[in-house]
Amino acid sequence: MSIALPSPDAPLKIGTRGSPLALAQAYETRDRLAAAFDLPEDAFEVVRIKTTGDAVLDRPLKEIGGKGLFTREIEQALIDGGIDIAVHSMKDMPSEQPPGLTLDTYLPREDMRDAFVSPHHAGLADLPEGTVVGTSSLRRRAQLLWRRPDLSVVEFRGNVQTRLRKLEDRVADATFLAMAGLRRLEMTHVARGPIAPEDMLPAVAQGAIGIERRAEDARTAEMLAAIHDGPTATLLAAERAFLATLDGSCDTPIAGLAEVEGGTLRLRGEILRPDGSECLSDDASAPVEDGPALGREMAEKLLGQGGPGFFDWRAA
């Protein structure tokens, strides 16, 4: 199929949040499309859209509506035709997309691990009893309290730069960021180092960039196919099947990581009580093509293991 490519006079509009990391991801998407079709940068327009999640920084996400807070306004602009594609951090994406939209393009996944960040301590194991740790992630909070109930965990929202300033102001003595974000911002120097998945299993789809489009937009679909990364799609299919079966949102402390070696996909999954008092986990492998089924089966297994009250968050 021959398609009309964007031009400086009729650019492809790329919707994104306005944080430095979100913009870096949008520019990476633009650059990959420009290279794939030999187009100039100004054949694309990056459109910054402020989301509710960006506007409300003084309350936990679970109190103001959950994961869709970082996508709702962007997806509405996509539905309304104000933008042509939307670039997202996949760990922020709900399990399902609004009617008329599809999410089937992924860029190559970056480092999926969490990073330990602290001006005063070398690593998680070095934190003295009672150390104040800041995080806005319910997953990280629960994982930390499960492993280190002696620590004090405080709410710590904002973009990377904001969180670093909070560390300087001693709001907390340590925090966690995604290694992928630090790499994309060329800021890996701020981290003491990555945390092994065995010590902190990352969020589902962490490190991956997803590109959303209108389902009936054939031109955009063909352009995006040129930059889609199949191996990342394989990993996310398993992880997001696990998440979807658990009905995951920002109210749910869920972690999941898929890895492929040869023809085998290994999936590790973890769900916790929000207060970190209990953790259920599993580790299983299957042929690569059975990744989504493995994700669903693992989620069902963990759902079956949860006792009374464990999954109260599912009805919240």
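**Group meeting: overall fold and one hairpin**

The chain contains 10 helices and 13 strands, where helices (H or I, at least four residues) and strands (E, at least two) are DSSP runs numbered from the N terminus. Its radius of gyration, taken over C-alpha atoms, is 20 Å, close to the 20 Å that the globule rule gives for 316 residues, so the chain is as compact as a globular protein of that length. That rule is 2.2 Å times the number of residues to the power 0.38.

This is a predicted model, in which local features need pLDDT of at least 70 and side-chain atom pairs count only at pLDDT 80 or more, while totals for chains, interfaces and linings use all residues. Residues are numbered from 1 along each chain as its sequence is written, and side-chain values use heavy atoms, with hydrogens and water left out.

Along the principal axes, the C-alpha atoms fill a box of roughly 60 × 45 × 35 Å. Of the 316 residues, 54% are buried, meaning under 20% relative accessible area (1.4 Å probe, protein chains only). Considering contacts (heavy atoms within 4.5 Å) between residues at least 6 apart in sequence, 69% join residues at least 24 apart.

I turn now to the hairpin. Strand E12, residues 264-272, pairs with strand E13, residues 279-287, in the antiparallel sense over 9 bridges; pairing requires that DSSP find at least two bridges between the strands. Within this pair, Arg266 stands opposite Ser285 in E13. What lies between the two strands of the hairpin? There are 6 residues between E12 and E13, and in the turn Gly276 has a positive phi of about 75 degrees.

Methods. Buried means under 20% relative accessible area, exposed over 50%, partly exposed in between (1.4 Å probe, protein chains only).
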